Amino acid sequence: MRKPISKIFIILIIIVLLPAIIFSAYEISSLNENEKAIDSLYNNQLKSTLRSINRYSLDVVNSWMQRINILIAEEEPDNRLSKNKALQQYVNVNSNISFIFTGRLSNHPDIFFYAPDKKPLGKFVRDSILKVIKTNDLKIKKLLASDQTELTISESLEASFDDAAGVILFPINYTSDDNDFCGIVINPKLFLIKILEPQIDLAVQKDFIVSIIKNKTGENIYSTGSNGYTEIHQKQKLLLLPRYSIGIVLKGQTISNLVKQRTNRTLILIFLVDLLLLIGLWYAIKNIKTEMELTRIKAEFIANVSHELRTPLSLISLFAETLVLGRAPTSEKQKEYQKIILEETGRLSRIVNKILSFYEIEGHKKGYNFKPTDLNSIAMKVMDNYNYQLENAGFTCKLKLCENIPKINGDGESLTEALINLVDNSMKYSKDKKEVEIETGSTGNLVFIKVKDFGIGMSAQSLKKIFDKFYRVQNGLVHETKGAGLGLSIVKSIVDAHKGEINVQSTEGEGSCFELKFKGI
Ligand code: ADP
């Protein structure tokens with residue numbers, strides 16, 4: 001029996017569990033890769049959003065540079081007044097620009113400032129611009145010498161006069177002197193609000209939160225999220241306002257959180273699927289085991305019953321034939337043979353009754369006729385019927401009846417059958433000490449009847465199974481004793497039908513005591 005089961009077990013593991021294990025291992029290992037791939041996709045998207053915002057601000061400033069170049073070119077080179085006027089007007093209307101300056105690169109740079117009429121420049125600002133030009137002298141020379149046809153934005157230079165101003169230098173293309181250049185100083189706050197904000201709103205739509213942060217303090221000066229939103233996943237410097245950075249984060253959950261959640265969900269799912277497979281496997285193996293056990297039990301049952309039937313039948317036929325052929329030598333012998341025939345017929349009918357009773361119970365066909373029943377009279381009836389057999393087999397039988405026990409609501413016939421099965425077992429499973437005790441009594445409202453023997457007893461392990469159908473203890477004497485494993489399952493069904501209780505106390509080698517308890521009426 002063990003071999004085919006372990007074979008089936010191995011086959012099932014290979015067919016069901018192995019692919020699941022391989023799949024789970026593959027899924028778990030690929031989760032990490034997926035996580036990385038999604039993270040890099042997300043980072044790329046963030047980067048490109050930031051780039052597009054930066055690109056847009058460059059385009060805006062480029063258009064300013066173009067416009068300024070045209071304004072300068074439209075005037076006669078020496079006609080400073082009207083050029084000044086045009087530039088002045090341009091600064092007045094373009095509030096995103098703090099001021100403009102033009103100059104010519106020489107040992108003592110000649111710088112002209114164009115600030116809005118409403119906000120004239122102080123000396124400090126002018127001096128710091130001069131300082132920027134002097135310290136960036138080489139950079140500016142390189143810019144002017146690059147001879148580019150298109151306008152180029154210089155590296156933005158940081159000026160110390162304003163907390164966050166961006167200074168943009170570019171060559172003036174339309175004047176006679178190659179050393180002419182122009183500078184735009186951006187008004188950071190207005191630039192952010194008027195130029196960048198709408199573009200940010202457009203670029204980020206609903207999915208992201210974009211914030212602009214002051215590099216030095218980390219202060220969040222603008223955010224598309226709620227007030228004071230601080231979380232940032234990707235950060236880039238704003239090209240035109242180098243003291244500011246633009247940061248972006250996915251709205252709601254960050255992508256790494258989402259990926260982690262997804263990973264966790266997948267892991268839980270894999271775990272659940274594996275668990276289900278294991279449960280399925282366990283269930284399948286259990287069923288197969290039960291099926292095989294059932295087949296074994298059926299075969300054993302048929303063998304046991306045939307054996308039980310064959311012995312009395314052959315004895316009956318043997319002694320009946322002896323009597324019929326007149327081979328019994330004396331009248332005592334004749335009587336003895338007749339007694340044997342009677343005993344064996346009784347045994348035969350008990351076996352047949354047991355089987356019939358079992359099938360009635362199994363098919364839910366057994367009917368009970370409940371009425372007030374006295375357990376004492378049932379005990380006496382069984383003892384009367386069995387006394388002869390017991391004595392014949394060398395048993396002494398004690399009947400301890402408690403008077404005045406309450407009656408129970410029971411079916412007399414079934415209760416007798418249950419008691420007969422217990423007494424029959426006591427006889428079958430006793431060896432040297434041949435004693436059977438039947439005792440009745442009551443505790444409170446409960447009435448009990450006990451059948452006690454001093455036979456082979458049972459192990460605690462066997463006790464758990466004795467009420468199972470077809471179960472027989474597999475050892476020594478029990479093997480030699482005939483039986484089909486039905487008696488106690490019938491007793492249990494009868495007690496259950498009476499809503500009673502059955503308890504067994506048994507010690508190997510010392511004996512057993514079966515107690516049936518019922519509610520008194
Ligand atoms: P059967 O007696 O036909 O084998 P039962 O259902 O009556 O079937 O009993 C189940 C098993 O319980 C028996 O095979 C036997 O091993 C054990 N058993 C029952 N009664 C006793 C008892 N009084 N003493 C020892 N073992 C018992």
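Reader: Is Tyr 368 buried, partly exposed or exposed?
Author: This is a predicted model, and in it Tyr 368 is partly exposed, because its relative accessibility is 23% and the buried class means under 20%.

Reader: And Phe 370, buried or exposed or in between?
Author: Phe 370 is partly exposed as well, with a relative accessible area of 35%.

Reader: What about the aromatic pairs, how many are there?
Author: The count comes to 9 aromatic pairs.

Reader: Give me one of them. How do Phe 358 and Tyr 359 sit, centre to centre and between the planes?
Author: Phe 358 and Tyr 359 make an edge-to-face pair, with 5.2 Å centre to centre and 80° between the planes.

Reader: Why is the pair of Tyr 368 and Phe 370 stacked?
Author: The planes of Tyr 368 and Phe 370 are at 20°, and the ring centres are 5.7 Å apart, so the pair is stacked. The cut-off for stacked is planes under 30 degrees apart.

Reader: Back to Phe 358. Buried or exposed?
Author: Phe 358 counts as buried, because its relative accessibility is 4%. Tyr 359, its partner in the edge-to-face pair, is partly exposed at 44%.

Reader: Which residues form an aromatic cluster with Phe 358?
Author: Phe 301, Tyr 359 and Phe 470 form one aromatic cluster with Phe 358.

Reader: Where does Phe 470 lie?
Author: Phe 470 lies in the loop between α10 (460-463) and α11 (476-480). Its phi is positive, about 65°, although Phe 470 is not a glycine.

Reader: What is the phi of Asn 404?
Author: Asn 404 has a phi near 55°, a positive value in a residue other than glycine. Asn 404 belongs to the loop between β11 (396-400) and β12 (408-410). With a relative accessible area of 75%, Asn 404 is exposed.

Reader: Change of topic, the ligand. How many residues surround the ligand, and which are the closest?
Author: The ligand is surrounded by 20 residues, and the closest are Asn 425, Tyr 429, Asp 453, Arg 472 and Leu 488.

Reader: What is the make-up of that shell by class?
Author: The shell around the ligand has 11 nonpolar, 6 polar and 3 charged residues.

Reader: Which helices and strands each supply at least two residues of the shell?
Author: Those are α9 (412-428), α12 (487-497) and β16 (511-519).

Reader: Now distances. How does Asn 425 sit relative to an oxygen atom of the ligand?
Author: Asn 425 has a polar side-chain atom 2.8 Å from an oxygen atom of the ligand. For Arg 472, an N or O atom in the side chain is 2.5 Å from an oxygen atom of the ligand. With Gly 485 a backbone N or O atom is involved, and it lies 3.0 Å from an oxygen atom of the ligand.

Reader: What percentage of the ligand does the protein bury?
Author: The protein buries 100% of the 530 Å² that the ligand exposes when taken alone.

Reader: Next, serines. Where is Ser 462?
Author: Ser 462 is in helix α10. It counts as buried, at 8% relative accessibility. Its side chain has a polar contact of 2.9 Å with the side chain of Ser 459.

Reader: And Ser 211, where is its place?
Author: Ser 211 is in strand β6, residues 208-214. Ser 211 is buried, with a relative accessible area of 1%. A polar contact of 3.2 Å links its side chain to that of Ser 223.

Reader: Last one. Where is His 233?
Author: His 233 is in the loop between β7 (220-223) and β8 (234-237). Its relative accessible area is 29%, so His 233 is partly exposed. The C-alpha atoms of His 233 and Ile 209 are separated by 9.9 Å, and the two residues are 24 residues apart along the chain.

Notes
Residues numbered from 1 in each chain as written. Predicted model: local features only at pLDDT ≥ 70, side-chain atom pairs only at ≥ 80, totals over all residues. Heavy atoms only, no water. Near = heavy atom within 4 Å. Polar contact = N/O pair within 3.5 Å; in protein donor to acceptor, adjacent residues only side chain to side chain. Areas by Shrake-Rupley, 256 points an atom, 1.4 Å probe, with all protein chains shown as cover. Helix = DSSP H or I, 4+ residues; strand = E, 2+ residues; numbered from the N terminus. Nonpolar A, V, L, I, M, F, W, Y, C, P; charged D, E, K, R; others polar. Phe/Tyr/Trp six-rings, centres within 6.5 Å; stacked < 30°, edge-to-face > 60°. Buried < 20%, exposed > 50% of the residue type's maximum accessible area, 1.4 Å probe, protein only.
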